[in-house]
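Q: I'd like to learn how to read a protein model feature by feature. Could you walk me through one?

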Amino acid sequence: MTRALRWWRFLPAPVSLAALLAALVLGATPATPARAGTIEVGSAQVTSSDPTAVTFTARVTSSSGLRSAKLEYKVLNPDGNIGGSGDAAFSTGRESDISFTLETKTPTRYIPVGSDLVYRWVLTDNDGVTAGSEEQTYRFLDARYQWQSRTEGPVTVYWYGNDDRNATVALTATRTALEQIGALLRTAVPYPTKVIVWRSEAEGELAMQSRGAVFDSQVLTGGQRVAPDLLFVFEPDADVIRHETAHIVTHVAGDGPFSSIPAWLDEGTAVYAQSSPGGGYTTGVQFAIQSDQTIRLRSLQSPANDPSLVNVFYGQSWSTVAFMIDRYGEEKFAEIFRLVREGSRVDDALMAAIGLDQDGLYNAWREANGLAVKDFGPIASGTTVAGAVATRAPLGIPTGSGSSSGGGRANSAPTPAASSGDGSAAAAGGGSSGAALAVGGITVLLAVLLGGAGVYLLRRRA
Ligand SMILES: [Zn+2]
């Protein structure tokens with residue numbers, strides 16, 4: 001049976017940073033025990049010591065003792081919250097200390113620092129009484145540092161240390177890029193953006209989304225877009241931040257429920273958003289043109305974990321985007337994003353906007369760069385040419401008691417000076433051991449009937 005219960009609230013809502021910092025300093029949040037049926041709860045805490053885990057604890061008094069204690073949680077995400085639950089450890093007897101540790105960085109789960117976690121306890125005693133707490137929100141920050149925050153317009157920046165210059169650079173660059181790329185793509189990001197600024201890559205490394213040991217060791221990571229509304233900055237370089245911010249805008253402008261913009265368009269736009277593409281990318285595409293080693297556009301995907309291909313990939317993507325905007329104009333360029341978001345295949349969107357498919361566009365770009373046109377033959381309708389995909393987050397597929405999925409994809413920024421690049425990403429989210437989200441290189445094929453015109457296979461990129 002279930003009884004009406006009153007539960008406790010141990011953080012004011014909305015959660016203020018000051019309260020969170022106080023909680024971290026004090027090591028405990030103030031809790032007011034509240035009698036709830038036969039179950040009484042006090043001393044509720046949420047603690048974290050670093051970016052790898054969050055621990056939820058409380059003390060429960062129940063006349064018959066606890067039979068089960070479960071923590072249910074959601075990671076808030078503009079694309080759809082990702083949730084899960086886990087069984088808490090507890091002691092027997094009338095007084096129980098309950099505890100559940102949510103690991104946030106595992107091979108199958110990545111919950112980035114900066115995320116908001118909404119959670120509640122579900123407790124059942126040996127009389128069969130089940131009680132569920134009110135939902136509470138916890139903003140997960142890297143507890144190794146003392147964070148400060150500043151909000152201007154739609155952007156909140158978090159930083160630590162005595163010097164706020166990096167935070168100011170990040171705030172200004174994010175706001176500027178949101179406005180400029182929003183104007184370019186004729187869109188506006190409908191939710192706030194959070195920017196977490198570490199003093200260095202070494203200090204932020206534990207929070208970083210891993211892209212594989214080989215890649216990590218060879219490429220500096222200036223920044224990462226780890227959720228649709230969340231940026232990590234490890235280097236106070238305005239162009240790194242502009243690049244990552246552009247990904248926030250391209251996602252809103254071009255990714256729909258069943259479609260997403262190709263990697264070359266996404267990354268090309270992000271490099272275009274930089275004040276300069278940087279020497280590495282410029283040299284990379286120039287060398288590819290001079291040696292006629294450019295890559296067919298529809299195969300131009302992220303260089304996976306091969307750092308040697310980074311400069312050609314970003315350079316050619318940027319050059320193609322710059323060519324498109326120069327030749328066809330911003331209005332047509334924005335239209336391509338809108339059509340893809342609304343469900344068009346990339347070739348169809350390009351054809352509608354500029355009268356060329358990806359091969360046609362590639363040849364137009366080749367001609368503009370003094371290269372001969374290539375004959376690729378017709379592309380069969382409804383097919384796509386597979387290529388390595390590395391900039392998109394795997395889909396999160398909740399199982400068990402997970403609440404919902406969120407596709408979100410993550411991007412990581414190259415460091416222009418080092419000519420490094422984006423890498424693969426893993427989705428935020430995940431359940432407990434009992435309700436893990438299956439994530440990985442999952443391709444979901446959805447058969448969708450479009451206006452009676454036929455059945456198209458739309459591929460959601462993993
Ligand atoms: Zn990028």
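A: Gladly. This is a predicted model, and of the 462 residues in the protein, buried ones make up 50%.

Q: How many helices and strands does the protein have?

A: There are 11 helices and 19 strands. As for contacts between residues at least 6 apart in sequence, 67% of them join residues at least 24 apart.

Q: Let's take a helix. What should I look at in helix H2?

A: Begin with its length. H2 covers residues 165-184, which is 20 residues, and it reaches 28 Å from first C-alpha to last, close to the 28 Å expected at 1.5 Å a residue.

Q: Which residues of H2 are buried?

A: Here is the general idea: an α-helix has 3.6 residues a turn, so residues three or four places apart point the same way. In H2, the buried residues include Ala167, Ala170, Leu171, Thr174, Ala177, Leu178 and Ile181.

Q: What do the buried residues of H2 pack against?

A: Their partners are strands S12 (147-152), S13 (155-160), S14 (193-197) and S16 (230-233), together with helices H5 and H9 (330-341).

Q: How do S12 and S13 pair?

A: They run in the antiparallel sense, over 6 bridges. To find your place in the pairing, look for Ser149, which stands opposite Tyr158 in S13. The hairpin has 2 residues between the strands, and Gly153 there takes a positive phi near 55 degrees.

Q: Now for another helix. Why is H6 described as largely enclosed by the rest of the structure?

A: The way to judge this is to count buried residues: 10 of the 10 in H6 (residues 263-272) are buried, so the helix is largely enclosed. Trp264, Asp266, Glu267 and Tyr272 are among them.

Q: What covers the buried residues of H6?

A: The cover includes helices H5 (238-254), H7 (279-290) and H8 (310-328).

Q: How do H6 and H8 lie relative to each other?

A: For a pair of helices, check the approach of the axes and then the angle. The axes of H6 and H8 come within 7 Å and cross at roughly 80 degrees. An angle from 65 to 115 degrees counts as roughly perpendicular, and H6 and H8 are therefore roughly perpendicular to each other. Residues making this contact include Trp264, Leu265 and Tyr272 of H6, and Tyr314, Trp318 and Val321 of H8.

Q: How many nonpolar, polar and charged residues does the contact of H6 with H8 have?

A: By class, there are 8 nonpolar, 4 polar and 1 charged.

Definitions and conventions:
Residues are numbered from 1 along each chain as its sequence is written. This is a predicted model: local features need pLDDT of at least 70, side-chain atom pairs count only at pLDDT 80 or more; totals for chains, interfaces and linings use all residues. A residue is buried if 20 or more other C-beta atoms lie within 10 Å of its own, exposed if 12 or fewer, and partly exposed in between; C-beta atoms are placed from the backbone. Helices (H or I, at least four residues) and strands (E, at least two) are DSSP runs, numbered from the N terminus. Two residues are in contact if their C-beta atoms, placed from the backbone, lie within 7 Å. The expected span of a helix is 1.5 Å times one less than its number of residues. Two strands pair if DSSP finds at least two bridges between them. Axes are lines fitted to C-alpha atoms, for helices over the stretch in contact, and angles run from 0 to 180 degrees between N-to-C directions. Angles under 35 degrees count as roughly parallel, over 145 as roughly antiparallel, 65 to 115 as roughly perpendicular and the rest as oblique. Ala, Val, Leu, Ile, Met, Phe, Trp, Tyr, Cys and Pro count as nonpolar, Asp, Glu, Lys and Arg as charged, and the others, Gly among them, as polar.
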